[in-house]
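Please look through the sequence and the structure shown below before reading on.

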Amino acid sequence: MWKLGGLAVPLICRMKGRFYYAVRAGRNPGVYGTWDECKKQVDRFPNAIFKKFATEDEAWAFVGTAAINSQTASSECGGQSKTADESDDDDDDSNDDDNEDEPCSKRFKSTKPFIDLEHKFTYMGDAVAVYTDGCCTSNGKKHPRAGIGVYWGPGHSLNLSERLSGRQTNQRAEIVAACRALEQAKELNIEKLVIFTDSMFTINGITKWIKSWKTNGWKLSSGGSVINKEDFKRLDKLTSGINIEWVHVPGHAGFTGNEAADSLAKDGASKPLC
């Protein structure tokens with residue numbers, strides 16, 4: 001493994017031997033040059049997905065990424081997903097992201113990250129990469145404190161740590177963190193953005209469920225209102241005019257960018273309300 005801009009990136013091996021080992025679902029998805037390297041990523045990893053290939057291109061095509069395009073969400077899911085109604089009924093935020101849906105995946109050809117040294121951005125192809133996270137202590141209980149974190153890279157001037165205003169919940173913090181990243185991106189006229197988040201609630205909400213919410217006048221089939229309506233309206237407006245790839249990363253799994261965003265969010269939660 002090597003690190004680039006704070007991102008842990010699987011090394012693409014130039015094989016002298018015969019095979020490439022592709023890990024689609026594991027500790028660090030990517031392409032590895034030996035079985036021993038591959039095994040470290042998949043051994044005892046729940047629902048690991050990996051395969052051996054003769055060429056590097058075939059291996060990367062298999063890996064793809066756990067991304068969901070902002071326009072098209074894949075219906076190929078690794079587990080059962082909640083409906084929009086079911087998920088919003090759980091929107092009291094008494095559960096943390098550990099209980100969120102398994103990610104749906106849309107396969108596309110992976111590209112090597114690289115650093116724009118002038119602006120210190122990390123690029124995935126021609127898109128800028130950013131990590132967002134939200135947290136809430138005493139989530140769903142008395143005296144909750146929520147914060148948001150946006151991580152652009154080590155020591156980046158745009159890295160953001162803020163206390164969440166308004167209702168203090170974990171899911172709101174996750175949504176608002178994505179909003180803040182998009183606001184920053186638009187201020188800099190960034191046209192393509194890859195948003196890494198460990199919140200499948202946010203990803204599914206903005207890429208799938210929001211369509212039925214709009215159609216139903218922001219009402220659930222039960223007649224109740226979408227609890228996070230205003231936050232998703234804000235996020236939906238911000239997605240206009242910018243090409244976004246939503247990428248799910250497992251929380252607290254050692255992904256450098258996600259851990260950094262989580263730390264920023266925790267620092268934000270400790271700040272006073274403005």
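How do the axes of helix α4 and helix α6 lie to each other, and at what angle do they cross? The model is a predicted one, and in this model the axes of α4 (residues 170-187) and α6 (residues 229-238) come within 9 Å and cross at roughly 25°. Because angles under 35 degrees count as roughly parallel, α4 is described as roughly parallel to α6.

**The helix pair**

- Two packed helices are described by the angle between their axes and the distance between the axes.
- The crossing in which α4 passes α6 is left-handed.
- On the α4 side, the residues that meet α6 include Ile175, Val176, Cys179 and Leu182, together with charged ones such as Arg172 and Glu183, while the α6 side includes Asp231, Phe232, Leu235 and Leu238.
- Sorted by class, this contact of α4 with α6 holds 8 nonpolar and 7 charged residues, and no polar ones.

**The sheet and its helix**

- An open sheet is formed by 3 strands in the order β4-β3-β5, with antiparallel pairing.
- The strands β4 (30-32) and β5 (49-53) stand at the edges and have a single partner strand each, so one side of each is left without a neighbour in the sheet.
- On average, neighbouring strands of this sheet are turned by 25° against each other, with direction ignored.
- Strand β3 (residues 20-25) runs antiparallel to β4 and is joined to β4 by 3 bridges, and Tyr21 has Tyr32 in β4 as its bridge partner.
- Helix α1 (residues 35-42) lies across β3, β4 and β5, and runs at about 10° to β3.

Key. Residues numbered from 1 in each chain as written. Predicted model: local features only at pLDDT ≥ 70, side-chain atom pairs only at ≥ 80, totals over all residues. Heavy atoms only, no water. Pairing = 2+ DSSP bridges. Helix = DSSP H or I, 4+ residues; strand = E, 2+ residues; numbered from the N terminus. Axes fitted to C-alpha atoms, helices over the stretch in contact; angles between N-to-C directions. Contact = heavy atoms within 4.5 Å. Parallel < 35°, antiparallel > 145°, perpendicular 65-115°, else oblique. Left-handed = near helix turned anticlockwise from the far one by under 90°.
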